[in-house]
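Please look over the sequence and the model shown here before reading the report, and keep the model in view while the separate parts are described.

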Amino acid sequence: MWQREKKPVVGIFGFSGCAGDQLAILHMEDSTIDFFTSADIKFFHMAQSHQEVPKVDIALVEGSINTERQLKELKEIREMADVVVALGTCACYGGIQYLGEDVETFKERMEYVYGKSGEVPEFLDLVGQPRPAQPISEYIDVDIMIPGCPISAENFVPIYTKLISGLLPQKYPMPVCVECKYEGNDCFLLHGKYCLGPVTAAGCNATCPSIDISCIGCFGTYEGANYPSMIDKLKEIGLSEEEVIRKLKLFGGNKVEQALKGD
Amino acid sequence: MSKEKFPEFVELIKSKGKLFGPVKQKEKYSFEEIKDFSELDFDYQRTIISPKKFITPAKYSTLRFVKFGQTEVLPDDEPQIVMGVHPCDIHAIKILDRLFLGNIKDPYYAKRRENLIIIGHSCLPDDKCVCQSTGTDMVEDGFDLFLTELDDFYLLWVGSDKGLGIAIEAENLLEENVSEEEIQEYVRWQQERSSMFTTSIPSYKYLADIIHLNYDSDVWEQFGEKCLSCGTCSLVCPTCNCFHVDDKIMMNAEEGIRERMLDSCTLPYYSMVAGNHDFRPDRTARLKLYYTHKLKEYIGRWGQPSCVGCGRCIAYCPVDINVITVSNALFEEVCETQEVCDQ
Ligand code: SF4
Ligand code: SF4
Ligand code: SF4
Ligand code: SF4
């Protein structure tokens, strides 16, 4: 049915994040063994002990870029990989740590912790000098984004298996609301409660609304998001502008930042 | 049929297959599988998801494939019975039948439809029902059985051979002769029901023309600015049936499934074709498609809109974009420019 001459070489790299996406892969249970046999997994930060970085066909990159050394490594990965996949919301949009990306206050905070120089002293410098958190797309070209905090197997597997089969995954952005209606749920927004479903990328199967919890946006931004209208709606149900922005920024990272600036 | 006999009647129906009916879940209603008569609640206006879920489910697979072969996945043969379906939703199924069972029969739909028994139920409108405008407030066909609930008895209509079969089996629960008095009560009920509608689509007769005249109106922009592209309106609409197809390969990279899932023309890539050409990149163009397709193009093609007035878009769009707000805005636009509003 499809062409697959040899198993592609895959590397899974982790930068700043909770490593939850790597863990999610190991937790796929039924599929975990298949994951290790359907491709040639040469580097898996969490699951393997060797540290040599090989040449890979597909690089799955988790986490945001928070230090100089990570930035250098990220660029090396881009150099040697044919396909780079941003894995998880941190790699895609910056993640929660993106909340601290403000360059001005970042310097102040560094000085507060490390003294006047604002630099980590050499004997503590294990991972490189810190920089404000950014998604990997800020520095390199990213071919595919698989958001999620953490990623869901249901969303990850079909994209990944196409990649290792030499096929192009279909990109079809949907918001959480679509999956929420697949599940037949009632809608928070109609009952005066907030929900970020309309501005959040689908992929989680509307996990939260399906158990009666508002979506807080952990799958990052939906490509068709209409922020001005969403902000109006949330204000209409009683949230202050400040609260709305804070909620949107929690997982929205650089995309929300750009949208709020009107880019 | 007298009301005391009703539970027994439901029991009989249940013996014909998997029974579904309206169930109250917190503030919403949903068609759910019925194990016990007491779960049924016919005193409802609308479920969030219409009975289309029995014939074009949100997600289902149509094909299973391995490296060098494939097998079609057809729905199983188990009969499903859905009770409590209102006239608008029955009209919606008639529209879906026309699309899926027309010149080209969709095998997945056909199989599910064949195995579905529809038992309609009368209803009373709320302020969101606009079926009177769309002429779908009553049904003459499209069901197997239809129950009209009056004060202390039901009137039962038979709409198909399958329905007749059930009625014959239920012979001892039904009374054959309907008295003159009972007919009078039914007529009174009908009249009362007709007078209960409070919402209507303005100048419905001219809607197709009004939309045509307003094709370039700014009104669309205003709605486009508000729309969240959330897809809810399509997913809850009983006549929306667009789906999206994707092949999913399993983790072993050896086998997979082809999946259909419901889609919405309000989503950003809906009109994208090969080479990344997108005919409707903005929300305004997409909403215009939704409403011109429903309220104008369908009338041109079938003499009837593909809106059956169920009120779901009115109830569930989070930013109040629906058949009423859209047709009102377009109507007002015409009124400002033409002299057609005083009919
Ligand atoms: S509850 Fe949230 S996710 Fe579900 S439809 Fe409403 S806004 Fe969308
Ligand atoms: S519903 Fe929202 S917060 Fe919950 S898992 Fe999905 S994207 Fe994350
Ligand atoms: S357009 Fe709205 S009122 Fe008409 S059938 Fe669809 S959901 Fe119901
Ligand atoms: S019209 Fe309303 S329900 Fe439909 S996509 Fe737009 S916001 Fe969602």
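This is a predicted model: local features need pLDDT of at least 70, side-chain atom pairs count only at pLDDT 80 or more; totals for chains, interfaces and linings use all residues.

## Surroundings of two ligands

The shell around ligand 1 is made of A:V176, A:C177, A:C180, A:K181, A:D186, A:C187, A:F188, A:L189, A:C195, A:G197, A:P198 and A:P209. Helix α7 of chain A, which covers residues 176-182, supplies the largest share of this shell, namely four residues.

## Two helices of chain A

Two packed helices are described by the angle between their axes and the distance between the axes. In chain A, the axes of helix α9 (residues 227-236) and helix α10 (residues 241-260) come within 11 Å and cross at roughly 170°. Because angles over 145 degrees count as roughly antiparallel, this crossing makes α9(A) roughly antiparallel to α10(A).

On the side of α9(A), the contact is made by A:Y227, A:I231, A:L234 and A:K235, and on the side of α10(A) by A:E241, A:V244, A:I245, A:L248, A:V256, A:A259 and A:L260. The residues of this contact between α9(A) and α10(A) comprise nine nonpolar and two charged ones, with no polar residue among them.

## Where chain A meets chain B

How many residues of chain A are in contact with chain B? The contact involves 43 residues of chain A and 50 residues of chain B. Between them, chain A and chain B bury about 3,700 Å², and 62% of that area lies on carbon and sulfur atoms.

Three salt bridges are counted between chain A and chain B. In a salt bridge between the two chains, A:K162 pairs with B:D246, and the closest N and O atoms of this pair are 2.9 Å apart.

## Salt bridges in the whole structure

Side chains of opposite charge can pair when their charged atoms come close. Over all chains, the structure holds 27 salt bridges.

A salt bridge also joins the side chains of A:K72 and A:E76, with a distance of 3.3 Å from N to O. Both A:K72 and A:E76 belong to helix α3 of chain A (residues 68-80), where they are four residues apart, which is about one turn of the helix.

Methods:
Residues are numbered from 1 along each chain as its sequence is written. Chains are lettered from A and ligands numbered from 1 in the order in which they are written. Side-chain values use heavy atoms; hydrogens and water are left out. A residue is near a molecule or strand if one of its heavy atoms lies within 4 Å of it. Axes are lines fitted to C-alpha atoms, for helices over the stretch in contact, and angles run from 0 to 180 degrees between N-to-C directions. Angles under 35 degrees count as roughly parallel, over 145 as roughly antiparallel, 65 to 115 as roughly perpendicular and the rest as oblique. Contact means heavy atoms within 4.5 Å. Ala, Val, Leu, Ile, Met, Phe, Trp, Tyr, Cys and Pro count as nonpolar, Asp, Glu, Lys and Arg as charged, and the others, Gly among them, as polar. Buried area is the accessible area (1.4 Å probe) that two parts lose on being put together, summed over both. A salt bridge is a side-chain nitrogen of Lys or Arg within 4 Å of a carboxyl oxygen of Asp or Glu.
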